[in-house]
Amino acid sequence: MDKELLLKYREYHFNYFSLLAGQRLKTFNFFIVISAIIFGAFVNVFKEVDVNSTIACILPYLLSTLSFIFWKLDNRTKHMIKTAENAIKDIDDSLLPSSESNHPNILNILRVDDVNMDIQNLNNRGFLRKKFSYSTCFNSIFLIIGVLGFISGSFCIINMLITSC
């Protein structure tokens, strides 16, 4: 394939990568805002309106459900980003010659970053010393909010059962 065509493909894939990466962050920010609103409404209804309110028990489960949905959506977007990233890596491999020591060309930043992350994570065996990816952080937050919603909803139902007896 000629160099000019490869450069056009690289620009196309980079634009696709940028669009999806920006969309992923905006979606995550939206999830955080919606989660805060739902949790705030739950706390307000639970404290101020009625402890035995059905809506107070539905809101935390809604939070858990949204956490699951956004987690699945994020996984799909992450897969699409990874596809574009791999295409860029392959195009850069074709455009930039590798060094003699079988290391990627320093200008091939996606490949260099992969190698650097692998080395850093091999050298840092402790959980807190490893470098976290966006996926690790996002998945942790989805899990924490989903579990928090489930526990809060369960607490609300148990509280309703205890007070109705």
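This is a predicted model: local features need pLDDT of at least 70, side-chain atom pairs count only at pLDDT 80 or more; totals for chains, interfaces and linings use all residues.
Is Tyr134 buried or exposed? Tyr134 is exposed, with a relative accessible area of 54%; exposed means over 50%, buried under 20%, and partly exposed in between, using a 1.4 Å probe and protein chains only.

Residues are numbered from 1 along each chain as its sequence is written, and side-chain values use heavy atoms, with hydrogens and water left out.

**View 1. The protein chain has four helices and zero strands.** Helices (H or I, at least four residues) and strands (E, at least two) are DSSP runs, numbered from the N terminus. The radius of gyration is 23 Å, well over the 15 Å that the globule rule gives for 165 residues, so the chain is more spread out than a compact globule. That radius is taken over C-alpha atoms, and the rule is 2.2 Å times the number of residues to the power 0.38. Along the principal axes, the C-alpha atoms fill a box of roughly 75 × 35 × 20 Å. Of the 165 residues, 27% count as buried.

**View 2. Phe28 and Phe138 form a stacked aromatic pair.** Their ring centres sit 3.9 Å apart, with 5° between the planes. Rings of Phe, Tyr and Trp (its six-membered ring) pair if their centres lie within 6.5 Å; planes under 30 degrees apart count as stacked, over 60 as edge-to-face and the rest as tilted. The pair ties together distant parts of the chain: Phe28 belongs to helix α1 (residues 3-49) and Phe138 to helix α4 (residues 134-164), 110 residues apart. Both Phe28 and Phe138 are buried.

View 3. As for cover, Phe138 counts as buried at 6% relative accessibility, whereas Tyr134 is exposed at 54%.

**View 4. Ring pairs link a set of aromatic residues into a cluster.** The cluster takes in Phe28, Phe30, Phe31, Phe70, Tyr134, Phe138 and Phe142. A search of the whole structure turns up 11 aromatic pairs.
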